[in-house]
Amino acid sequence: MTRSLLSLGLLLFASCAGVVSAQTLEDLRNDGKNTDNVLTYGMGYHLNRYSALDQINKATVKRLVPVWSLSLDNRWGEQAQPLVYNGVMYVTNARWTVAIDVATGKQIWRTEVDWLPETPRVVCCGVSNKGPALYNGKVFRTTLDAFVVALDQKTGKQLWKSKAADWTEGYSMTVAPLVANGVLLTGISGAEFGIRGFIDGWDPDTGRHLWRRYTTAAPGEPGGDTWGPGDAYKHGGASTWITGSYDPDLDLVYWGTGNAGPWNPEPRPGDNLYVASILAIRPKTGELVWHYQATPNDPYDYDACWELILGDLKIDGGNRKVVMQLNRNGFLYVLDRANGKLLSAKPFEKVTWATHVDMTTGRPVESELGQKVRAGEWIEKWPGTRGAKNWPHAAFNPNTGLLYANTMHAARMYRFLPVEPFKAGQRYMFMEAKDPENRPADLPVGHVDALDPVTAQPRWRMPLQDFAHWGALLATGGGLLFTGKMTGEFLAIDADTGKLLWQFKTGSGINAQPITWTLNGKQYVTVLSGLGGLGEIVNRQKLGNVPQGGSVWTFALLD
Amino acid sequence: MDVRPAGLTKRLLYLGGALALYGASVAAQGTDRRFEPEQISKGAALFARNCAPCHGPRMVDPQSAFDLRKFPPDEKTRFVNVLTRGKNAMPPLGGLFGPDEIDALWAYVVAGEKR
């Protein structure tokens, strides 16, 4: 009640202030305060994926029912996080941008994304799109064939379209854009195809290209001497396929970089800056302010792309403004986000590729596996090639100070193959991987974990026996976590115990990102269903009875 | 793109060939004489680079997208079609390869891991 009155007040205030028709930078910065809107990827620049809403809680969740569903007419997977503004929900997938009336679930408009049918050949891990960005009356998105597009929020009409890269060279885009300090930022995919990674800055009004920050350093640049002789940096990977976070006070964007290319490091001796790194950049210029490399020389496909969660933590008695990452390589990194100083790096899953992270140098201490694999031997490595955690985003509850994550518990047998010359559009990896033969049948394939960020110790673990979760987590003030299964069940979990409290079976598999929002004072939860992504590819045979096909599902309490 | 016309003629040619060869392969009790060893090893290298990431090293991996060892050896048309057009999460990769490379991939898938 208080909440609805409060939001009513906010709404009135907002309409008086005349900012209802277009979201400002101030609105983006305050995302989460007005719960009628979800304006940013990650439900806030901090990527906490946390909402204080508590109408749907441990006691009431049993009354949670679907209130509407809309087909997305899409057989490619649904991985996106929807955004909500002024009663309209914006959803993207590889094929469409869709605007939906949140009250009725009716489609208001949809605009097709056009790419040549052969484009998916440069997409390693599922044709999809992670979501839109909203700013100043426009919807921004990326396209599979590496364009950035702006649409009119009211009509869906295309306002501009700018080319980031040539898809036939292995470049593709699935990333959700970020608007920070008036600049539209986008990343790039393709580190399995020998790309040179970058982050781009665009003028949101016109689509004019403002700057490019390459994520592999060329000779003569700082870090340019970490690639050995030759021009390995030109195909060195370091893709940027997950949206960064933003601290408006420091005016720093935090963006992670992906694996090195090729996976076999033979042509690229050295640390290979800035692969598998966390970058802090100025959104206006792309200037690199600090960096931290998690996996120097990355021979293991250990992206550092994953969400860079901002929070305030008590460390050694002091309050620290930190950036946190559950890295693919199995370590949970906590850094001072003002200067990049490493504060903590503890394993949150089984790790055999390194013994620990040396806190004085900030570097991982590689185990004997590093030498063996570089010598061409088969090794069994933990985490496996999909990582201790893949992209499905974690949530952070600033009140409990806990991270909630869908993690993976798997090793891979792994060895390198001879490196061949770069060929545009062909794979640039040169390795092979398979499952270990001795894996116990009852070993969980993954968990939902509640983790202390500094110790990386779990408060609780919810073991998963059939499939690891390939969708993001959402945490709420109702003491709940929302996420979904590849088999289609949408789940509500008790955030204090890890107990499953509620589930509902959607039409296809869930590998997307739930959100929660309000309308007229009532709390809603939305998630996309539609099997896709890497989780589909690696489980294709086991998921034979889970049909493809995208849809939006919105839930509320039965009155 | 420019593979398609060549692929089409090949497909038609193959249809005749397949019928003739069907008898031959039955007679040879599984040993496949259709392919030269060089063609198979060329296909093996292309496969390891471009297909194994999803189909497993040498087509073996429980997490494989599709167990290609079970692909019917008398359905080359289907193989070429899938490669050209894609199917669900299988990308249309045909345009990356010349006709001889597609033949080499086919040779490897049919005969490369039979010992």
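This is a predicted model: local features need pLDDT of at least 70, side-chain atom pairs count only at pLDDT 80 or more; totals for chains, interfaces and linings use all residues.
Which residues of helix α4 (residues 76–85) of chain B are buried? In helix α4 of chain B, the buried residues are B:K76, B:F79, B:V80, B:N81, B:L83 and B:T84. Go on past the end of α4(B) and you reach B:G86, which has a positive phi near 75°.

**Around the end of α4 in chain B**

Now select B:N88, which sits in the loop between α4 and α5 (99–112) of chain B. Although B:N88 is not a glycine, its phi is positive, at about 50°.

Among the contacts in chain B with a separation of 6 or more, 63% are between residues 24 or more positions apart.

Chain A has a mean pLDDT of 95, with 96% of its residues at 70 or more, while chain B averages 77, with 70% of its residues scoring at least 70. Select residues 8–20 of chain A, where pLDDT stays under 50 and the model has 12 contacts beyond four places in sequence; then select residues 1–31 of chain B, where pLDDT also stays under 50 and there are 24 such contacts. For the model, the scores are ipTM 0.89 and pTM 0.92.

**The cavities**

Next, turn to the empty spaces inside the model. Rolling a probe the size of a water molecule over the atoms shows where empty space is left. How many cavities of 30 Å³ or more does a search of the whole structure find? The search finds four, and the largest cavity holds about 590 Å³ of space. To find its centre, select A:C124, A:C125, A:E192, A:R328 and A:L534, which are the closest to it of the 43 lining residues. Both chains take part in this lining: β29 (431–434) and α4 (533–538) of chain A, together with α3 (52–55) of chain B, each supply at least two residues. Sorted by class, the lining has 20 nonpolar, 13 polar and 10 charged residues.

The second largest cavity has a volume of about 160 Å³, and of its 20 lining residues the closest to the centre are A:W76, A:G126, A:V127, B:N88 and B:A89. Here you meet B:N88 again, this time as part of a cavity lining. The element that gives the most to this lining is α4(A), with three residues, and by class the lining has 11 nonpolar, six polar and three charged residues.

In soluble globular proteins, nonpolar side chains tend to be buried together. In this model, the largest nonpolar core has 82 residues, of which A:M89, A:L185, A:F482 and A:W517 touch the most other members. Strand β38 (residues 551–557) of chain A supplies the largest share of this core, five residues. Select A:M89 and show its surroundings: beyond its neighbours within four places in sequence, its contacts include A:W68, A:I100, A:W517, A:V552 and A:T554. A second, separate core has 30 residues, including A:V323, A:L342, A:A345 and A:M431.

Move to the loop between α2 (25–29) and β1 (50–51) of chain A, and select A:D31. A:D31 is buried, because its relative accessible area of 11% is under 20%. Leaving out residues up to four places away in sequence, A:D31 touches A:N37, A:V38, A:L39, A:T40, A:M43 and A:G44. One of these, A:M43, is found in the loop between α2 and β1 as well, has a positive phi near 55° without being a glycine, and counts as buried at 8% relative accessibility.

Finish with two cis peptide bonds. The bond from A:G261 to A:P262 is cis, with omega near -15°, and A:P262 lies in the loop between β16 (252–256) and β17 (277–281). The bond from A:W382 to A:P383 is also cis, with omega near -10°, and A:P383 lies in the loop between β25 (379–381) and β26 (395–397).

Terms used: Residues are numbered from 1 along each chain as its sequence is written. Chains are lettered from A and ligands numbered from 1 in the order in which they are written. Side-chain values use heavy atoms; hydrogens and water are left out. On a 1 Å grid over the protein atoms alone, a cavity is a set of points where a 1.4 Å probe fits but cannot get out, and a pocket is an open set with protein on both sides within 12 Å along at least five of seven lines; lining residues have an atom within 4 Å of a point. Grid points are joined across faces, edges and corners, and a volume is the space filled by probe spheres set on the points. Helices (H or I, at least four residues) and strands (E, at least two) are DSSP runs, numbered from the N terminus. Ala, Val, Leu, Ile, Met, Phe, Trp, Tyr, Cys and Pro count as nonpolar, Asp, Glu, Lys and Arg as charged, and the others, Gly among them, as polar. A nonpolar core is a set of buried Ala, Val, Leu, Ile, Met, Phe, Trp, Tyr and Cys residues joined through side-chain atoms within 4.5 Å. Buried means under 20% relative accessible area, exposed over 50%, partly exposed in between (1.4 Å probe, protein chains only). Contact means heavy atoms within 4.5 Å. pLDDT is the predictor's confidence in each residue, from 0 to 100.
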